[in-house]
Structures are given as structure tokens and as C-alpha cells.
Amino acid sequence: MSDTAVAGTPQRDYSRARLNCDVVMKGGIASGIVYPGAVCELATVYRFKNIGGTSAGAIAAAAAAAAEYGRRQDAQGAGFHRLEGLPSELGEELGPGQGSRLLSLFQADAGTRRVFAPILEALGSVNDQVPGLMR
């Protein structure tokens, strides 16, 4: 993935942020989906001083901290531009029958494959009934 936003969408300007703020993000799968865009929007006005979170919020906090660290090295905020595209990158389909990039990150070992496969099948049938649910 390139360091630019999705084609056709304007890039945010991260170089003008002058105010400082702290951010704490809670867990929950829906929160993890919303956080990259919310953090990027806040980063146009604020520089993050203290960043924390729990569960999915901790993952988003780590990404936000990395982007903020990068902005301190390069005022243009290339890390935030990358963070903007993260939801699309994770939801990208890898190919027929392969699922999304996010799904490819979860691999069952030999001892749990028997249980993991039916769960994936059930999730796939739910996604067939509600398109885009597992993106």
C-alpha cells in the first residue's frame, strides 16, 4: 500500500496541528474499526502527548503512537496518511476463497484447526447474508 490516502479522497493536512491532547481508546471490535479515521481527524488539530487503550483500543493506540512519533520526525505526517488507509488495506480481498487480509492474519495451528474451520465457515455464511459484515 502506498503512503497516500485512497485515490479520489483528499488527504488531511497533519502539519498544522498545534494543540496537544491525550487520547484513551476502549476495546471492542466496532471501536477498532472507527479509531483509525477518528485518530486521523483529531491529528489535523492536535498533537498526541499521551496515548492509551484497552484491547482493540490498545492496538489503535499503538498505531496512533507510531504515527505521532513519525510526525515528530517528518511534519507532513506520512504515518497518519498510512493510518488513513489501514481499514481499506485490512479489508482487501486477497483472492477467490482466500478472504480478507485481516482474516489471513489469523492462522490456526494443527491442534485447533478442527475447531477453527467451522467457525470460519459460519462467519462466511453470516457474511453472505449481510454483505460487507466481515470487512
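Trainee: Great. What kind of model is it, and what does the pLDDT average?
Mentor: This is a predicted model. The protein averages a pLDDT of 82, and 84% of the residues score at least 70.

Trainee: Where is the pLDDT below 50?
Mentor: Residues 1-8 are below 50, and that stretch has twelve contacts in the model beyond near neighbours in sequence. Residues 129-135 are also below 50, with seven such contacts.

Trainee: Okay, layout next. How many helices and strands are there?
Mentor: The protein has six helices and four strands. Along the sequence they follow the pattern β-α-β-α-α-α-β-β-α-α.

Trainee: How do β1 and β2 run, parallel or antiparallel?
Mentor: Parallel: six bridges join β1 to β2, which covers residues 46-53.

Trainee: Switching to the core. Which residues of the largest one touch the most other members?
Mentor: That nonpolar core has 15 residues, and Met-25, Val-39, Phe-48 and Phe-80 touch the most other members. At least two residues each come from β1 (19-25), α1 (29-42), α2 (56-73) and α3 (78-84). The largest share, four residues, is from α2. As background, nonpolar side chains in soluble globular proteins tend to be buried together.

Trainee: What does Val-39 contact?
Mentor: Setting aside neighbours within four places in sequence, Val-39 is in contact with Met-25, Phe-48, Ala-64, Phe-80 and Leu-83.

Trainee: Now Glu-68, which is in α2. Why does Glu-68 count as buried?
Mentor: Glu-68 counts as buried because its relative accessibility is 2%, and the cut-off for buried is under 20%.

Trainee: What's around Glu-68, then?
Mentor: Leaving out neighbours within four places in sequence, Glu-68 is in contact with Tyr-46, Arg-47, Phe-48 and Phe-80. Phe-48 and Phe-80 are also on the list of contacts for Val-39.

Trainee: Last one: how much of the protein is buried, and what is its accessible surface?
Mentor: Buried residues make up 25% of the 135 residues. The accessible surface comes to about 8,700 Å², and 59% of that belongs to carbon and sulfur atoms.

Terms used. Residues numbered from 1 in each chain as written. Predicted model: local features only at pLDDT ≥ 70, side-chain atom pairs only at ≥ 80, totals over all residues. Heavy atoms only, no water. Core = buried A, V, L, I, M, F, W, Y, C linked by side-chain atoms within 4.5 Å. Buried < 20%, exposed > 50% of the residue type's maximum accessible area, 1.4 Å probe, protein only. Contact = heavy atoms within 4.5 Å. Areas by Shrake-Rupley, 256 points an atom, 1.4 Å probe, with all protein chains shown as cover. Pairing = 2+ DSSP bridges. pLDDT = per-residue confidence, 0-100.
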